[in-house]
Each structure stands twice: as structure tokens, then as C-alpha cells.
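Trainee: I would like to learn how to read a model like this one. Please take me through the features one by one.

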Amino acid sequence: MSSRWKLVTAVLMLVLLGGGLAFYKSTKLGVPFWEGQRVDEWLVEARVSFLAVGKPVKARLSLPANGLDESAGQEAGSLGYHYHVDHDRGESTAIWSSEMRENGQALYFRVRFPLGSESGGGPIPPTGSIPVAEAPGLSGSVGEAARNIVARSKAISSDADSLFVTFFRQIENAAPSQEMVLINRAYEKEYHDDAPIKIGIDLLALAGVPARVAYGVKLDDRERETAQGPLPLVEYFDGANWKVRDPLAPTDVLDGSKVFVWHRGGGPLLDVTGGENSRVSFTVVKDRIPLARLTDLQNSPILVSTILGLPASERAVFRYIVLIPLGAFVVVLMRNIVGIPTLGTFMPVLLALALLEMPVGPGLVMFAILVAAGLWCRFLLSRLNLLVVPRVAACVVIVTLLMMYMTVLSHRIGVGIAVEIMLFPMIIIAWTIERMSLIWEEEGKRSAITQVGGSVLVAVLAYSFMCVSQIRYWAFYFPETLLILLAGILIIGRYTGYRISELFRFRSFTED
Amino acid sequence: MSDSVDSAKAKPVYQKWWHRWIRTPKELRAMGVVGINMRNARFLLPNNPRRLYTLVDNKLRTKKLAEEQGLSVPETYGVIRSPYDTRNLESLLSKRSAFVIKPARGSGGKGVLVIDGKEDGYYIKPSGSRFSGDEVRHHVSNILAGLFSLGGQRDVALIEYRVRPARILTDISYQGAPDIRLVMLHGYPVMAMLRAATRESDGRANLHQGALGIGIDIRSGRTVRAVHHGKPVTHHPDTGLELIGIQMPDWDRILEIAVTCQEMTGLGYLGVDLMVDQEIGPLMIEVNARPGLAIQMANGVGLLRRLEPVEKRHTLHPGEDLEQKIEFSKRTFGRD
């Protein structure tokens, strides 16, 4: 039984290869396995609003630069403004400008990025020279208190990271030290809500660690209706790289699923000239990525990318080609397991492909009319005692004329569908007529009608199988699953049991 | 109620309600019925190498082989190989009053034209209908164009002797000549049947067109059972003649011809079609590399019941000669 083992091995290999590739594609490359189940992405919309005062307006909004390339999807919405994006040493700024404006103005900028991207707060090397901390001009008792805190903290923590943690722990401490209370009181007068951040930055500077404000957006879908203000973060220099951390959670590296760093680099987040009361707010929405935008596959290895590696226009050709194996599978199933007689082996597949292009009901009616009419003409022709090839050719001509006439007729009546019937492959019809008339003469009309009926039945089954959108989806986006189909065909190829039709055929079988 | 349950127990093969429509796979397997998938996968594919098919798919080659082996075949009057040859058709046929025109690559009796005689310049078919010379020529050109051949390839037309079947056989056939089909595995005759035409089958011997299938006992050559459309019958539906217990003439010669056909073609699993001429005796008509399954209905025996013992015999005693094979088959498959 060595051939049996060969079969088992081949089937196993095909299933593993096909299944493995599909698994790799769906888990690693993020192609959703089920149709309609698409990859989520975050849609962050920045809304810049200000009150124009009747002068030329220029608004500059700093944009997230890190981890977002152009293809990740950015769009700006602003009616009547001249808009461009300015790139400068790794920092991008959206610039809107316009002539005189008055009253409230709103500008939008949208950024999309897939779920689970980096937060954008990771370490980046400084541009230009190594930054040096500028000591804040603190004097008097506040300065004294600050220096005390720094000295104490430096005694227990050596590097920038631990200093950052120590300072913000003390700032956010529910029971602050007397020095911290003093500093806090002084800063709150000047900076209000931003006071803790300012204190932290100044303390870091005093300890020799350069630090500045960065802004982020909280990625929280639950607040989709309400706009949020920019989330203040602290960016500090650890001697080699700039890092962004949340002062409220000083020990943690920023979590990309919770916070997205919109702006870093120390410059202003928003700068509006010609307007007052300018502010920026963010709206965060979890959105779906349309599959067509999943461009990753284009650059994947050839085995993985397959059809998706082609330009969109060339992909369309494969829309039907990948369906042919499905039809072939149905034919194998129907012939070898069920035992439906068909006219020729793969004629039903071609018929099913033709049906895909037109409404099924009218398509089948049209097919029946064409075959019946063609058959009648064929019998008329048979009286002329023509040779075979000229007779088939005559059949083709007659079918062509019939098609044209029926199309014109139904157009007159006002049934538009007939035009699509033109797509019925003519050769299939002519050939069906020829074969059917032969069987009609040789084996009787019952045999002929059974076989044509069987072919149409199998074609309709194959058609309905090809029509299941999930199956089309797999065939198109996971062509490697066709290997599993191939394994199935191999198994059917070794099926030695009874066909269902044989259960009927041998129903009156009795042993003596 | 309890009565019927008891009687069902008493008879193991009691008719179940579903037997009107189907037999379950389990029941069929229990009776050793071979399905098409099993025939192909278990008997055709391993035993019939593809290259040997050409020997039997072309009747010209089969006949030539058979003549070399000294088997009697219907005499070939002529072969029409090209449309040009059809011009000579008339002169070729002028000497003959009865003949058969058939495609060399036809199968299942497709394209076989039987002419029994001539009358007023017309050819007469067995059914009595007339056929003009033009129509005969047209039929030949259809054969040449490959209308009846496997896969539609170009073909040649054979004109050969019209077999006059032995009287005993014509009696049980409504028009048309009955033929005998033997199925063999590794050269062991496995099952035999006689195919007889009915009014419904229009002179043809195809069972699914309504011809009778009559099972023949391998040992005695006597008919044992008959089916019409798969259902057992005892009398001919048209002539009313008894179908059971008829002795085939020259049965031993028929078995020898069949076994020789296997030896000369080398096919492991094959069907041999023969006719018995009233003067010449058994004639080999054709060899079929894909014999159908209706023969088990005609005999009321599942093919597997006979193929399995032959497989076993063939592995245990390879290389048996003709007599030994026939002897084994008669002993093992004969009925009392």
C-alpha cells in the first residue's frame, strides 16, 4: 500500500503548505481570514479652532513625525485655505494660510494608523549638537527648595531615567514635602494646570537633564464623541536619545495602544497668527481599514503576496481564474461522489463561469431557449447530410443569429438582461447542441436530456459555490487555500465507495 | 405487529421500505456489488496500463491481433480510410447483400449500421426500414469525421461480415443480434451475460436502452437469470419466450476465445464481446477495456464476490495456463 502512503503524504504536505501560508498571512501580515473582518485602525482628528480677527491668517500645527510615513494616511480638511506640509529636520508642520478671515475658524487634520502601532514616544537621537540643560532662573526660597530636592534626588538616583521617576513621584505625591508645596504654590500662580509638568522640567534642568514639553493624544475609543485637549507629556534627554514619558506614569514606557505622541521636539504645538483664542482639540475614533489599502503584501515574498502583489488592474483578471478550480472541484464531487451524468467533463465549469456574468434565472432560460432552438435547427440540418465540421460551423452561425435576434427582441420588449446573455460563450452552446443531438440520435432523447440536465444542474451548483462570497474571498486573498482544495480532489480521486446514483441504480439488486 | 417483527428476523434479506428507492452502501457492500469508482481504482487502473488501450480501442488492430492468434473474427470486406474511398463504396458493396459498417474506434455499439439485404436499390436494415446509397455514404463520412469515435478523433470505417446468429440466440432477441459479454480478470473468466435486444431497445444490445441482460453460468453456459431495466424477469417482454435455462452453443470454445483475448492484449481487467454464428460458431467481436457493471445485475451476483477469489488465486498461483484458468473459474463460479 505504498501508493496510499504517497497519497497521504501528498495530501498532508498540501494541507500543511496551504494552511501554513494562509495562517502566516492572516496572523503575521494581518490579512483578515474572514471576509468582512477587517483590520482596525485609529483615526485621530486634530481640530484647530480660533477666532479670526480680520487679518491674513496663518496657522501652523505641528504634526506627528515619528513612525508615520505619507502612506499611513493623513488628510487635511480646511475649506478655502491654502495648505501645505512643511518638513524640517524630521519635524513636519501643517501650514494653512488665507487672506482676511473673520469669526470662528476650524481646520482639520486627520491621521490614520493601524492598531498596535508604536506610540511615537520612543527614543530618538538628537538632531544637531548634543543638547545641554539650561538652568532655570529660580531664585529665593523657591530656588533653594528646588536645589534641595535635586541634591537629595541625585544622591539616590544616578541617570536621567531614574531622576525623571524620582522627580515626578515627588510632584505627584499625595503627601508632598514642604519644599514641594512651596514650589508648587509658586508655579501654580504662573502656569495653572501645567504647573506639575513645568516643575518637573525645571527640576530635571537643574539636575542637568535637558527636558521639554511634548504633546500626545489619549487613544480611548469610549470618548469618541467628546474632543480631548492635547495630553501634556515630558520629553527628556538621557544622554543619548530623547525620550517621551507620561509624568502621571513616570516608570512606564509609553504604551502605543493607549497614547499616541502627536508632537515632540520642543517647538510650539500650535501657532496661529491673525487669530485669537486658538486651541487644538483631538477626536479619536477606531476605524476599519479597507482591504485595498493593505499594501504590505505587495512587498512580501512572491509565494505569499501572489495576486495581491499585482497592480489592481491586473488583479481583476484573476477574479475569475481563481474560481475555475472551485468549479472543477464541484464537478469532481458531483461526478465521482454523487454520480450526476454530465455532457463532457468540464463543460459545467464553463457554463458556471458564464452564469457568473449574468442573472442566473434569465440566463438559464436563455440557455434553454438557445439550446432548444439550436437543436431544432440542427435536426433540420441533419436532413442535408452535411459532414461533421461544416455542420458544427453551421450550428455556430445559427446560434449567433439566434442570440442577436433574441437580444434585439428582448430589447424591444424592454427586457434589458438579454444583452448580458451575449457573454454566453458561443462555442459552448454550439458544442452542447452538437453533442446533445448526437446523444439524442444514438442513445435516445431521455439520455440526451438527462445529460444536459445533469450538466446544467452541476453548473448551477458550481455557480452557487463560486458565489459564496467567503469562498471567493479565500480564493482571491488566500489562493494557497486552493492547495487544500487540491488535497481534497486527490482524496476524492482515491474514493472507491459507491456513488450516490449507484444506490439508486442497484436498488433492485438481489442475490440469488 | 410482533408477527411482522418476527418474520423480519427470520428472513435476513427482508425487503425494507427504502428498497423501493435505494440500497444502502452497507447492503451493497454486503452483496459484493462493485461501483464505478471501485472498478476504476481497484481493477482498471492497476491492471490496464494506458498504452494497451490502443490495442482494443481500434477494432482494426484488435482483429489483426486476434487473427494472428487464430481466433475467428467476422471477415473484413473492406476498410474505408478517406473520403476518397467512399467512391468505391458502391462497388465494394455490390457483391454483398448483408454487411455491417462500423467505426474502428467506436464504443458501445455507436455508429454500427447493420444491413440485412437489398431491395429495389435500397439497403434494408434488420428492422425492415430502407436506407438509400446516399444515406449509407453519409453514414460512412460521419464515421470518417470521427463522429462516433472516442474523443472525436478521425476514424476509419470497417465493412465486415454480417453475423448470422445461431437460431437459439435469435429466438430470445427481438430483431438485432444478441451478443455474449464475458468479464475477465487476469485471464480468469469471472462473469458472463447475454445481451438481447427488445422492441424498446430498437435492435440494440445496450442495457440502459432497454435491452435484456441475461446472466450465464460460467460452468455450464446456461442462462440463469434475466433482468430488464434492472428488474428480474423470466420471459422476453416482446416475444414471451422463456429466458432461463437456455444453453449457449459452443460454450467451451467461447471461454477459450475470451481467455485468448486476454492473453493477446495483456489487459488485466477486460470485457470480451462475442457472437455465435450459426455456421462459423463463436466469433470475437470486440474487446472492451472498460467493461460496465450491469453484468452483476444480470447475474444477481456482486462482481467483488468473484474478483476477490481471482485476485487471491492470481497471487497464489501466478502463470496458470488457459485450461487451468478455465478450470478454476468453472469450479469456483459454477452453479449447481
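Mentor: Start with a definition: helices (H or I, at least four residues) and strands (E, at least two) are DSSP runs, numbered from the N terminus. This is a predicted model, where local features need pLDDT of at least 70, side-chain atom pairs count only at pLDDT 80 or more, and totals for chains, interfaces and linings use all residues. Residues are numbered from 1 along each chain as its sequence is written, while chains are lettered from A and ligands numbered from 1 in the order in which they are written.

Trainee: What is the helix and strand content of residues 388-407 of chain A, and how far apart are the end C-alpha atoms?

Mentor: The span is 100% helix and 0% strand. Its end C-alpha atoms lie 29 Å apart. For residues 481-498 of chain A, the end C-alpha atoms lie 28 Å apart, with 72% helix and 0% strand.

Trainee: Which residues of chain A does UniProt list for "transmembrane region"?

Mentor: UniProt positions are given in the numbering used here, feature names are shortened, and annotations may be inferred rather than shown by experiment. The unreviewed UniProt entry lists 316-333, 388-407, 413-433, 454-475 and 481-498 of chain A.

Trainee: How many helices and strands are there in chain A?

Mentor: Chain A has 17 helices and 12 strands. Of its 512 residues, 31% are buried. Buried stands for 20 or more other C-beta atoms within 10 Å of a residue's own, exposed for 12 or fewer, and partly exposed for in between, with C-beta atoms placed from the backbone.

Trainee: What share of the contacts in chain A with a separation of 6 or more comes from residues 24 or more positions apart?

Mentor: Two residues are in contact if their C-beta atoms, placed from the backbone, lie within 7 Å. Residues 24 or more positions apart account for 77% of those contacts in chain A.

Trainee: Now sheets. What is the strand order of the open sheet of 4 strands in chain A?

Mentor: Strands of a sheet pair through backbone hydrogen bonds, either parallel or antiparallel. Here, two strands pair if DSSP finds at least two bridges between them. The order in chain A is β4-β5-β2-β11, with antiparallel pairing. β4 and β11 (270-273) of chain A are at the edges with a single partner strand each, so one side of each has no neighbour in the sheet. Neighbouring strands of this sheet are turned by 15 degrees against each other on average, direction ignored. The axes are lines fitted to C-alpha atoms, for helices over the stretch in contact, and angles run from 0 to 180 degrees between N-to-C directions.

Trainee: How many bridges join β2 (residues 57-63) of chain A to β5 (residues 91-98) of chain A?

Mentor: The antiparallel pair has 7 bridges. Leu63(A) stands opposite Ser92(A) in β5(A). β4 (residues 82-88) of chain A also pairs with β5(A) in the antiparallel sense, over 7 bridges. There, His87(A) stands opposite Ser92(A), and Val85(A) stands opposite Ala94(A).

Trainee: What is the order of the open sheet in chain B?

Mentor: Its 4 strands follow the order β1-β7-β2-β3, and the pairing is antiparallel. The edges are β1 (76-80) and β3 (113-115) of chain B, each with a single partner strand, so one side of each is left without a neighbour in the sheet. β2 (residues 99-103) of chain B and β3(B) run antiparallel, joined by 3 bridges. Phe99(B) has Ile115(B) in β3(B) as its bridge partner.

Trainee: Where is His186(B) placed?

Mentor: Most residues other than glycine have a negative phi, and most peptide bonds are trans. His186(B) has a positive phi, near 50 degrees. His186(B) is in the loop between β8 (179-185) and β9 (188-196) of chain B. His229(B) has a positive phi near 55 degrees, in the loop between β11 (223-228) and β12 (231-233) of chain B. His186(B) is partly exposed, with 19 other C-beta atoms within 10 Å. His229(B) is partly exposed too, with 17.

Trainee: How many residues of chain A are in contact with chain B?

Mentor: 25 residues of chain A contact 28 residues of chain B. α11 (388-413), α13 (426-443) and α17 (500-505) of chain A each supply at least two residues of the chain A side.
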